[in-house]
Amino acid sequence: MYGDERRSRMIAESAGFIALIAAGSWVSIPFFPVPLTLQTFFVLLAGAVMKWRAVVPVGLYVLLGALGLPLFHNGTAGIGVLFGPTGGFILGFIAAGLVAGIAYEHRSDRIRIAGLAAASLLIYLFGVSWLAFSTGMGIAAAIVIGMAPFLPGDAVKAAAVFYVARRLQ
């Protein structure tokens with residue numbers, strides 16, 4: 001007797017992407033107050049591979065980290081991280097995984113590229129907003145500190161996701 005292959009595949013992919021996002025959090029270049037990590041690469045890749053279902057591993061990653069597993073950047077954990085300056089970026093991963101996944105439901109490269117860009121912008125929207133609120137700095141300062149230095153690297157990550165996903169399919 002066989003099990004449900006789709007469910008088994010989703011569980012395996014979810015576990016794999018939770019592990020990859022967590023591993024990406026350890027590849028960290030310290031900036032203050034927001035470090036540069038590879039988490040966004042794996043969040044976007046989850047969307048490209050798992051389509052809209054990417055919200056499951058990304059959401060579980062955030063939940064498990066909030067519950068105390070050391071999954072966030074440099075092994076940090078707990079709900080306090082979500083209330084700190086990086087919390088908005090981490091919560092933005094959930095929306096980004098969903099948007100990238102929905103874009104990858106389509107066959108059009110233009111829609112997929114636009115989805116990766118929109119997903120990255122969502123991470124910034126959540127992150128910069130929360131950074132400004134949690135630190136008391138103005139929105140312009142939050143953009144300069146929490147977005148501007150990361151734009152080139154995130155563009156490279158999104159391009160890499162596009163080409164890796166193309167090879168995987």
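Predicted model: local features only at pLDDT ≥ 70, side-chain atom pairs only at ≥ 80, totals over all residues.
**Entry 1: the record**

I started with the annotation. UniProt, in an unreviewed entry, places the feature "transmembrane region" at residues 15-47, 54-73, 79-104, 111-133 and 139-165. Such annotations may be inferred rather than shown by experiment. I then checked two of these stretches in the model. Residues 79-104 are 85% helix and 0% strand. The C-alpha atoms at the ends of that stretch lie 31 Å apart. Residues 139-165 are also 85% helix and 0% strand. Here the end C-alpha atoms are 34 Å apart.

**Entry 2: two helices side by side**

Next I looked up H3 and H5. Two packed helices are described by the angle between their axes and the distance between the axes. H3 covers residues 55-66, and H5 covers residues 87-103. Their axes come within 8 Å. They cross at roughly 170 degrees. Angles over 145 degrees count as roughly antiparallel, so H3 and H5 are roughly antiparallel to each other.

Which residues make the contact between H3 and H5? From H3 I noted Val55, Val58, Gly59, Tyr61 and Val62. From H5 I noted Ile90, Leu91, Phe93, Ile94 and Leu98. I sorted this contact by class: 9 residues are nonpolar, 1 is polar and none is charged.

**Entry 3: aromatic pairs**

How many aromatic pairs does a search of the whole structure find? It finds 4. I wrote down two of them. Phe41 and Phe42 form an edge-to-face pair. Their ring centres are 5.0 Å apart, with 80 degrees between the planes.

Phe41 is at 14%, so it counts as buried. Phe42 is also at 14% and is buried. Phe162 is at 8% and counts as buried too.

**Entry 4: two loop residues**

Last, I looked up backbone angles. Lys51 is not a glycine, yet its phi is positive, at about 60 degrees. I found Lys51 in the loop between H2, residues 39-50, and H3.

Asn74 is not a glycine either, and its phi is positive, at about 55 degrees. Asn74 sits in the loop between H3 and H4, the helix at 79-83. With a relative accessible area of 42%, Asn74 is partly exposed.

How values were computed:
Residues numbered from 1 in each chain as written. Heavy atoms only, no water. Phe/Tyr/Trp six-rings, centres within 6.5 Å; stacked < 30°, edge-to-face > 60°. Buried < 20%, exposed > 50% of the residue type's maximum accessible area, 1.4 Å probe, protein only. Axes fitted to C-alpha atoms, helices over the stretch in contact; angles between N-to-C directions. Helix = DSSP H or I, 4+ residues; strand = E, 2+ residues; numbered from the N terminus. Parallel < 35°, antiparallel > 145°, perpendicular 65-115°, else oblique. Contact = heavy atoms within 4.5 Å. Nonpolar A, V, L, I, M, F, W, Y, C, P; charged D, E, K, R; others polar.
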